[in-house]
Amino acid sequence: MLLHQLYREPDLISYSVLMVDSADERTLSTDILLGLLKDILRFRTKLKVIICTGTTDHVEKLSGFFNKVPIFKIPIRMSNGHTIEYIKAPVADYVDVAIDTVLRIHATEPTGGDILVFLIDHEEIETAEEELKLRAGLAEELIIYPVHEYLPAELQAKVFEPTPQGHRKVFLSTVAIDGVKYVIDPGFCKRKCYNPRTGMELMQVARISKATALQRMLVSERGNRTAPAKCFCLYTHCTLDKDFSEITVPEIQRTDLANAVLRLLHLGVDLSQFEFIDPPPAEALTKASEVLLILGATNTEGELTRVGVHMADIPLHHMLSRALVASIEYKCSAEVISIVAMLSSGDASVFCRPGDKAADADNARLHFQSENVGDHIALLKVYNAWEEANYSTQWCHENYIRVRSMRRARYVRDKLEQLLEKVGIKLTSNLDNLESIKKAITSGFLPHSAKQQINGSYRTVKEPDSPSTRIHPNSGMAQVLPRWVVYHDLVPTTGEYMRQVTEIKPEWLVELAPHYYRLEYALDVV
C-alpha cells in the first residue's frame, strides 16, 4: 500500500512517522520501498521510520543500509508451557498429515484455541479445505477459513471477526495470522525462481529457511501470552538442521525485475544511482530493460514513454498492463479486460476435469476452444457465457468450470474497470473483430512470442538461450500446432510447456514493435 502511495505522493509529505513491518522477509516490494525511503530521508530529515523484523538475521545489514541507525531489541516473553513438536519421520503427503493434525488437535485439545495451517498457495489451500470439510464431518464447531492473495477483501475481513463461543477457527493460509493458539507448519513455501538468460520465471516449491521456521513457531506464542501454545512441525529436527538454509535469498535476486524497473522509472528514479540493500543481478536488470523496450514502455534511451506511463498506472504484471493499454487503441478494452481478469484468477486453468467425468469435461472445454480461436479468446468466451448466465454457479458445474476461479476473475475485472474509470477510460467493445483482440494480447506478450521449429517444438523469438518448449496438451492449440504463437507462461512437467496459447501472424511482430523485430519476420524467412 505504501508503494502505491508513493506514486501519488513521492515525498510522503503527509506522513511524519512510518513503520515497515516484516522487513526480514525481504520481498521485492519491501526492498524497493526501503531504497525509496532512504532517498526520501536525505531531504526529509525529520521523518521517523521504524523498521521491524521478526528475526535478527538482517538487522545489522538493515542498520548499515540506513547509515548505522540504532537497533532496539525487544525480547519475546514466552509463556509457560509453549511446545514445539517435531514429527519422528519424514512424511510423503504433508497436506494429508496437516489435516490429520487439525482433527487430532480438535479432538484432544481444549476448545477455545484457533488453529493456523501454513500451506504454499491458494490451490493447495482449496484442496485442503475441501478435504478437511469432508473429513471433519459433523464437527460443526470447526469454522474453516481459507486465507490467500486471491481472496476478495470482504472475505478477508471475516478472518478478524471474533470466534463464536464454543467454536474453533481453522485458518488455511499462506501467511501468518496472529491470535491463534496452535500452528501447523509443513515447512514449505512457493518461491519465485527467475533465469534472466532464458527469460523464464517459475514458481517452485521449496523449503523455508530456519529464520522463517522460527517465525512460524512463534506465531502461536504471539497470540497467546497467558495460555500454553503449541507448534506442530511436520518435519524432523534433523531435517531442520540439514535441509533448511539459514535465511531466505532476497526476492530481488531471484525474480523478474521488469515491473519493478517500470515503477521506479515512473517515480523518476535514476536506476544507476538507486541504492539496493542487496543489488540484483546485472543480467536481470539488463533483461528487464530489454523487455520494457520490446513492449514500448521505454525508448532506446531508457526513458519512460507515454505507453509506459499508462502501464505503470495499472497495478498488474507488465505484460498484462501492456495488453490493456493496447486494447484501448484497438477499441476492444471490454474484451481484453475480461481476458486479463481470467489470466489473473490465480489458477493454472479455469477448466476442471473430474476423473469420473473426464470425457464430458473435455467436450465442454472443446466447445469453448472450437474454431481454433486460441486459448485467450476461449477464456473470453467462458467469461461472456458465464455473464450471460447471470454468473450462475450451476452453469459452472454444468460446463466443468471452476466456480472460485470465475468469482476471482469477476472480482479482478470489477476492480480493473473501476481503476480505468478513475483515469477517464471508458470500456469499448469490439467482439466481432477477433484479430484486434489478438493484436492487443500480442502487444502485451511480445516477449513470449514463439516460432515452431523443424522438430515440432517451439522456441521464443530472438532468444537463442530459451528452452525448447511445446504447447500444453490442455491448450486448444495443442492439435493445431500453428507456426507462430504467443503464450502466457511456461510450466515445467516432463518438459517445458506453453500455457494459454494464441496463434499470431509474424508480420504483427514488426507492426507492433518495429524497433525490435526486423522485416524478415513479416516475410517469415527467419
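How many nonpolar, polar and charged residues does the lining of the second largest pocket have? The views below come from a predicted model, and the first of them takes up this question.

**View 1. The second largest pocket and its lining.** The pocket has a volume of about 820 Å³. Its lining consists of 34 residues; by class, 11 are nonpolar, 9 polar and 14 charged. Lying nearest the centre of the pocket are Ser349, Val350, Phe351, Cys352 and Arg402.

**View 2. Elements that contribute to the lining of the second largest pocket.** At least two lining residues come from each of helix H5 (122–136), helix H14 (358–368), helix H15 (375–388), helix H16 (393–398) and helix H17 (403–422). Strand E15 likewise supplies at least two residues of this lining.

**View 3. The open sheet that includes E15.** Five strands form this sheet in the order E12-E11-E14-E15-E13, and their pairing is mixed. Strand E12 (458–460) and strand E13 (470–471) are the edge strands, each pairing on one side only.

**View 4. The pairing of E14 with E15.** Strand E14 (residues 484–492) and strand E15 (residues 496–503) run antiparallel and are joined by 7 bridges. Opposite glutamate 496 in E15 stands proline 492.

**View 5. The packing of helices H13 and H18.** Helix H13 (residues 333–343) packs with helix H18 (residues 434–444) at an angle of about 50°, and their axes are 10 Å apart. H13 is therefore oblique to H18.

Key. Residues are numbered from 1 along each chain as its sequence is written. This is a predicted model: local features need pLDDT of at least 70, side-chain atom pairs count only at pLDDT 80 or more; totals for chains, interfaces and linings use all residues. Side-chain values use heavy atoms; hydrogens and water are left out. Two strands pair if DSSP finds at least two bridges between them. Helices (H or I, at least four residues) and strands (E, at least two) are DSSP runs, numbered from the N terminus. On a 1 Å grid over the protein atoms alone, a cavity is a set of points where a 1.4 Å probe fits but cannot get out, and a pocket is an open set with protein on both sides within 12 Å along at least five of seven lines; lining residues have an atom within 4 Å of a point. Grid points are joined across faces, edges and corners, and a volume is the space filled by probe spheres set on the points. Ala, Val, Leu, Ile, Met, Phe, Trp, Tyr, Cys and Pro count as nonpolar, Asp, Glu, Lys and Arg as charged, and the others, Gly among them, as polar. Axes are lines fitted to C-alpha atoms, for helices over the stretch in contact, and angles run from 0 to 180 degrees between N-to-C directions. Angles under 35 degrees count as roughly parallel, over 145 as roughly antiparallel, 65 to 115 as roughly perpendicular and the rest as oblique.
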